[in-house]
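Hello,

Here is the structure I promised to pass on. Please open it first, then read my notes below.

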Amino acid sequence: MIHSLYDVIVVGAGHAGNEAAAAAANLGAQTLLITMNMGVIGQMSCNPAMGGIAKGQIVREIDALGGYSGIVSDESAIQFRMLNRSKGPAMWSPRTQNDRMLFAQSWRMHLESIPKLDFMQDMVNGLVIENNRVSGVRTGMGQTIRAKAVIVTAGTFLNGVMHIGEKQFGGGRSGERAAEGITEQLVSLGLTADRMKTGTPPRVDGRSLDYSVMEEQPGDEQPQRFSFLDTPQLHQQRSCHITYTNRQVHDLLRTGFDRSPMFNGRIQGLGPRYCPSIEDKIDRFADKDAHQIFVEPEGWNTIEVYVNGFSTSLPEEVQVQALRSVRGFEHVKFFRPGYAVEYDFFHPTQLHHSLETKAIQGLYFAGQINGTTGYEEAASQGLMAGINAARSTWNQPPIALNRDQAYIGVLIDDLVTKGTKEPYRMFTSRAEFRILLRQDNADERLTPLSEEIGLASEIRLKRFHEKQESLKSLKKELNARSVEPETVNSFLEQRNSEPIKQKVRAHSLATRPQVELSELMEVLSITNEHWTTDVIQSTSIEIKYAGYIEKEREMANKLKRLDHIAIPADFDFHAISSLSAEAREKLSAARPSNLGQASRISGVSQSDLAVLVVRFGR
Amino acid sequence: MVQALDGATICALSTAAGMGGIAVIRVSGPEALACVSRVFSRSLAGVESHRAVFGRLRDAEGAVLDECVATVFRGPGSYTGEDTVELGVHGSPFIQQEAVRSLMAAGCRHAGPGEFTARAFLNGRMDLTQAEAVGDLIAAEHAGAHRLALDQLRGGFAREIRALRAELIGFAGLLELELDFAEEDVEFADRERFLALVDQITSQTRHLADSFRAGNAIRNGLPVAILGAPNRGKSTLLNALLGDDRAIVSDIAGTTRDTVEDTCILSGIKFRFIDTAGLRETADAIEAEGIRRALSRAASAQIVLYLFDASTDSPTSAAATLASLDLPPSARVLTVWNKVDEAAFPLPDPSDDVLLLSARSGEGLDALRARLVALAGFDTSGSSVVVTNLRHAEALRAAAASLDAVRFGLTSGIPSDLVASDVRQALHHLGSITGEIDPEDILDHIFANFCIGK
């Protein structure tokens, strides 16, 4: 049944919308999720995978905060890999290959089990706004539904236009129509919108491929999980495959360049530099003879395959011809061609850190509408918008994560203070404190906060406290255990680590780079069922990299001082003549709420910052 | 300046720089008394507020530098509201620089522009209505410091630091590439290449830090090259400036076959003048060598005086000559018209960069001297070239220390994400000279050079 007044309405049921709706409803807000098509809730519009470098950390953070992306990914995983395992602990990045249908199904099942969440299929084509405050939405069917807060997660649907070669048609995703009305209304109210573009590769029939000539990429031998809860453990996995383009493929693709809208300038939107179309790649890196293609299965049982690395908007016949010259693709049959999509986004500098728009109270944006790309980036914004929208209805202050607390904090702070000139994707190098923001300690960083705001479930808290206890007891044991030279020296020699001459604590042996903690524990027969692989790994990282962790913590605390100097919301920067003209403009536009945020705005110099310190520092 | 909040003890010269009778170096912060005591012949621990004591100041290496007076002001009754010591030292630029360096070695940080005032304000020593005025002052000092930094960075430093920054970003990019884009089909640099790069960057950084360290301009004089075609009066000008017959002067073009150097002190600043062989096409091997040396000396000069003879050179031909010259881009070039009392053509209008004089009669020489002093940067009161130098040197040394940690990390098998954190530290230190470095700079570098994207 549909209530006449909701606390929160979420528009759009993708990664952002689902997390937003779930968070708001789980916090106790009466929530309505409106989607144009109930059949495609939780759709993976692009590749059938979650996580990866920096993104995997975000999924762990979402999970630690009480979101669902990690659970849904685990439940629909067909392959798990911990990327970057050869690098240090900051870089370990979980990634799953997912069953696209199972993923959507799992999302829908979880959403349906949330008592305070209602659903509705309709298109929202307008917002009800009174006195710069949102009070509901208007739908295509002519209904007006009231709410205290509205979260728009429109993805690529706002005035979406798809391009394949010279053909173009309105739509937000293959086979789905675009949404109109919202952009126009918000622009008339003074918000600034712009266009972005992104591309997607062809989907093909896996039965038409010759995998025997491709390189197999199997999952990890010991697959792990995203969620800190008891999600299912993978027992069997599906492999991906790798093949390459070649000179001939490139020549064939070039024949269609003049008809590629991504390329000939017909699409004006801002595109990403890191996920270029295949036509972009061969043009910009003309001396490269081959580009990698990942052949990713779309699920356990489906024959559909995703051709990752071959994103394109060339005419379909050019796509087919070129792909047929790729090794293993000689007889490829297409399900559907790759295409480019162009859509509206709103410059995210128009948002508060809560993701509420500055211009219209109660209106929140999350996901691609803010100029980001990626499921994980979208989901994490949805989660934060859902939390903050719900809190706003009870007049609770918003939650903003810090840059030393979560990648989600880095993401939102970057968007809000710097804006973006291309679809924003997370990279670990965007984080100043990468060693603090590890995938293994996401729960430690964020679950206490989730408990505080009332989002973490009982079972999550139970698991969290158990793990913390185990970490503590293991550390205690390692500190207490004294090791005799004869017990350990042969092991140390095997590991090329200097033998000991007198008794030492196990802890000090674990600091050695060559000594693997799990192996050391085996040698010393230190066992306990609570000391799981996860617990041992986290402990080992904390011990081995203590110096680096400490150094980053210090830096973070230093910079934090600036975050504690508040700038009043209505402050007139133009009134300070000693600020540079550029800083006055930028600060007035971005309206930072503290000095830390001000310091990250480009165009605000050290001198300007000094002036602000003096003005607000006392 | 953000640093104003870091609780450090800061020091800086607080009187106008240059040669004066007495210079005051101010030290402020919780450790002010302790820091000064470390380099002073007497402990200040028991000294009451507003009392002065006499003693000897040691330099960073522990040798006696100067006899001076230390005045103690205990917080909150001091200018900044913190414990403060004011050291009155003798006013030579050399002593000022060495004293500040010594205090920094004893645990002080160099004060940022306007930082004493900012602290005074933050500690409640000033009224809120003065905040705006304080802001103006800080902005002005920043502008002054920035201009000074630029002046200081002439003579190739600016270029070298820019090159260093670019190399560090390139290195960070290579390192980050294999972290963020490990799954991409790109070639990663091997350890050997990383090590070679780090060594190269470290040695460049150290070289730069050391070149600042000596405070070359102060100790050896600010290099000024005198260039021009033969027989334009270069040696006469040098002699006029030096006041003796240091260079051989004759009417035969090409008399000065080698470079001649001498120093003199103008308004307390030491200049090192380099008289060079006249620039012309020549078949004489010795003279050709002299000309080669002239150009190479000019390359190290911070100021170039290019001489024309008003009695023979037309302004049009002079402009053509200047345009055809390959002068060091980092040096400030002043066009000097000599023999203006015998001018054969209408003279150009004098300006900051165009001076009219007669080396023989002495007309216009004072204007040239004043211009040289101004260019040396000592005319900006309140800020000091010496200290700007030191601050840069400190930043470079800190960057070099971070790079040492990078090398250690690379050779001892520390994972590259941790090594990258030391690279960031190095970039951060360098950023305090060149402006902050945004992570976006590194990503830009990666996207520009590698094909990224599945």
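This is a predicted model: local features need pLDDT of at least 70, side-chain atom pairs count only at pLDDT 80 or more; totals for chains, interfaces and linings use all residues.

B:His50 sits in the loop of chain B between helix 1 (32-39) and strand 3 (51-58).

A:Arg591 is not a glycine, yet its phi is positive, at about 45°. Look for A:Arg591 in the loop that links helix 18 (581-590) to helix 19 (595-599) of chain A. A:Arg591 has 19 other C-beta atoms within 10 Å, so A:Arg591 is partly exposed. Buried would take 20 or more.

Back in chain B, check one peptide bond. From B:Gly75 to B:Pro76 the bond is cis, with omega near 0°. B:Pro76 lies in the loop between strand 4 (64-73) and strand 5 (84-90) of chain B.

Last, a helix pair in chain A. Helix 12 (residues 458-480) packs against helix 16 (residues 533-544) at an angle of about 55°, and the axes are 10 Å apart. That angle makes helix 12 of chain A oblique to helix 16 of chain A. The crossing is right-handed. Helix 12 of chain A brings A:Lys467, A:Ser470, A:Leu471, A:Leu474 and A:Lys475 to the contact. Helix 16 of chain A meets them with A:Val535, A:Ser538 and A:Thr539. By class, the contact has three nonpolar, three polar and two charged residues.

Best wishes

How values were computed
Residues are numbered from 1 along each chain as its sequence is written. Chains are lettered from A and ligands numbered from 1 in the order in which they are written. Helices (H or I, at least four residues) and strands (E, at least two) are DSSP runs, numbered from the N terminus. A residue is buried if 20 or more other C-beta atoms lie within 10 Å of its own, exposed if 12 or fewer, and partly exposed in between; C-beta atoms are placed from the backbone. Axes are lines fitted to C-alpha atoms, for helices over the stretch in contact, and angles run from 0 to 180 degrees between N-to-C directions. Angles under 35 degrees count as roughly parallel, over 145 as roughly antiparallel, 65 to 115 as roughly perpendicular and the rest as oblique. A crossing is left-handed if the near helix is turned anticlockwise from the far one by less than a right angle, and right-handed if clockwise. Two residues are in contact if their C-beta atoms, placed from the backbone, lie within 7 Å. Ala, Val, Leu, Ile, Met, Phe, Trp, Tyr, Cys and Pro count as nonpolar, Asp, Glu, Lys and Arg as charged, and the others, Gly among them, as polar.
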